[in-house]
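Please look at the sequence and the model before going on.

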Amino acid sequence: MGSKWSKDDALIWLSGGALVLGFLMVAGLILVIVVHGLGRFWPQELTRYVMHDGRVVLGHETSRASVRTTGSTGERSRAYRLRVRTGDRRLYPQEYIWLEESGVAGRDAPREAVVVEQVRGGDLFGYLDSFEDDGVVVARGYDAVWAHYRERYPELERLRRQQALSIVLTSTDGRRHAVSLASVQRIYAPNTMTAWTSVRHYVGSAWSYLWAPPRDENRLGGVYPAIFGTAAMVILMSVVVMPFGVLAAFYLREYGRPGPFLNAVRIAVNSLAGVPSIVFGVFGLGFFVYFLGGTLDRLFFPADLPEPTFGRGGILWCSLTLALLTLPVVIVAVEEGLAGVPRELREASHALGATRFETLWRVVVPVVLPSILTGLILSVARAAGTVAPLMITGVVAFSAELPVDGAWPFVHLEREFMHLGFHIFDTGFRPDGGEAFLPMSYTSTLLLLAIVVSLNAAAIGLRSRLRRRYSVAAA
Amino acid sequence: MTTENTPVTPKILREETIIDVERVSFWYGGRAALKDVTMAIDRQVITAFIGPSGCGKTTLLRLINRMNDLVPQVRMTGTIRMNGVDIYGPDTDVTRLRRRVGMVFQQPNPFPKSIYENVAYGPRIHGVKSGVFLDEIVERCLRRAFLWEEVQEQLEESALGLSLGQQQRLCIARAIAVEPEVLLMDEPCSSLDPVATSRIEELMLDLKDDYTIVIVTHNMQQAARVSEYTGFMLKGELVEMGVTDAMFTTPRDRRTEDYITGRAG
């Protein structure tokens, strides 16, 4: 027995087991994010719960929790509680409520229950009552209102501007609530949807998630400003970091004379890679925002003082901070590429009478171009996923303005902006009423994950192409 | 001993000498690679350097076009003259020297560019811009390197797609495109199969009418087949130099004899 189980075997099983465990955990995490992130666009059926005490609740179940109870006679039993989303706080006191499952007398899915998505607020759950034009009822009853709405739907954009039009909903307890058509994004009746309309609804929701601004304080709506802000910041950062990183790498590998100075620079670059990102944020706040921004304000915008123009967080300072953060990524990638250029290629060029610069420009640069691209993609992936330093240098949870728009001078480098990573932080960690934000948080996490993974995959693909190229040369 | 293999004396610059090496010693850091080497290389013949690995023959070759300038922490004493001019003198332009002294390396090392661009590289950096003129140079050099027939249909394809033998001939074409006087070859056939090797040897014999060729080789048969003069080096010293046939039949030095008969090295 003992001889069969050598130490080697134990080690193999241990390391294999650890690998499998790690893999399962990652797979589980990704599964949770994908299921929650993609599932929320699917229209959820509205259920009417009739309670034994006469209360009626309309909403959809989000979770079911089991509670252990001890009865009066001492026997233990298990009870269930339902977490039900009841929609916007304007119609019901709370967006989420607990229902004792034992208290539910009956439940059904009324055909006339609708969800009204508002342009700015949350979702309203209720029954269609009437369609009013300046207080005059135009249509009454579910079918009439629905038909009226469907009929006018193609011109909804135009109708929105007519403040007089409104839709009246009744809540489960019979209260009437008028919603101006101007603030209606979309109305749908989830309980009557067929598979086909559900799919269309799903695609529409996913699309508007990508291309619409957020609503109801980031609980709902889209993340377009966050995607735009992230992209704009990353582009700005790349423009700054690439020339610096590439030139630094060329200096380190090609021109610098090996010695204490070069070693010191290398150590500094490596240390830079190990500095916690929040430290970059503090530096960015102190140097870029207060010092540089403050100086710019005194020099160019003295009229606006004490109101700061550049002397507060903004997309420019965030980009510069991240450029510092990702500088080592670029330097290391390009240096690696330069080290991979075969000595024979440089010698061949020199042997033909080429100068050092001609050799660099005509032979080395084309060969390291994929490495430079790899460095760019890796730094972009790093930048897209970094949040901490941005929180103190100019990212905000909600911004009505984009950093690039139609107003002169079109690019507004001093503006605060939305960022996908910060959006996740903002929606995922609310102390109160947090569950209303969670679906959003999951979807944004999935989106960010997808962006970062695809950028890294692109970098890996480029690198392997580069390697193939060299293996041909070495064959 | 015959008079034929009397060492070529470099002291007086003879008419036929193109490169003379005088009392050259060379160190990589603290390690001596060449010890007091003196020799003369004649124009438009093939001179071979033979010797065991690490004997300094490649180092000597790379001194002739100052390739060792690129290596850090080296030191050299002595003089190397080309056409009587000290190539390590203060007035020497290294890039012009390298243009006059071309080099072919051990591993075929075409640039990861098209076949055309490989040959055109040298002329381009030396200022040839006219497309017609470049086309002409490329065709002439590829023909000269016995490669034109094989690649004329694929000039725009990557040079890395060629066979190793073709790549090496491309490197020769690339080297002669800048019209050098001397062609240095550092074991040009060591990574090639026998067929490709014999093609390169044919090419060398054809090229020697126009160029002075200096070849470093491990292969004594190759030296015997192609070269007029051979220098045998051992541990950084030039043991013996003379007419190839004489040296392979009647070496003067015992160490040479040991090496070429396979008893040492």
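Q: In which sense do strand 2 of chain A and strand 3 of chain A pair, and over how many bridges?

A: A strand here is a DSSP run (E, at least two residues), numbered from the N terminus, and two strands pair if DSSP finds at least two bridges between them. In this predicted model, strand 2 and strand 3 of chain A pair in the antiparallel sense over 10 bridges, and Arg68(A) stands opposite Arg78(A) in strand 3. The hairpin that they form has 5 residues between the strands, where Gly74(A) takes a positive phi near 95 degrees.

Q: What lies between strand 1 of chain A and strand 2 of chain A?

A: These two strands form a hairpin with 4 residues between them, and Gly54(A) in the turn has a positive phi of about 95 degrees. Strand 1 (residues 47–51) and strand 2 (residues 56–70) of chain A pair in the antiparallel sense over 4 bridges, with Val56(A) in strand 2 as the bridge partner of Val50(A).

Q: Which strand 4 residue of chain A is the bridge partner of Arg85(A)?

A: That partner is Tyr96(A), and strand 3 (residues 76–85) and strand 4 of chain A pair in the antiparallel sense over 5 bridges.

Q: In what order do the strands of the open sheet lie?

A: The open sheet of 5 strands in chain A has the order 4-3-2-1-5, with antiparallel pairing. The edge strands, each pairing on one side only, are strand 4 (96–100) and strand 5 (104–108) of chain A.

Q: How are the residues and chains labelled?

A: Residues are numbered from 1 along each chain as its sequence is written, and chains are lettered from A in the order in which they are written. For this predicted model, local features need pLDDT of at least 70.

Notes
This is a predicted model: local features need pLDDT of at least 70, side-chain atom pairs count only at pLDDT 80 or more; totals for chains, interfaces and linings use all residues. Side-chain values use heavy atoms; hydrogens and water are left out.
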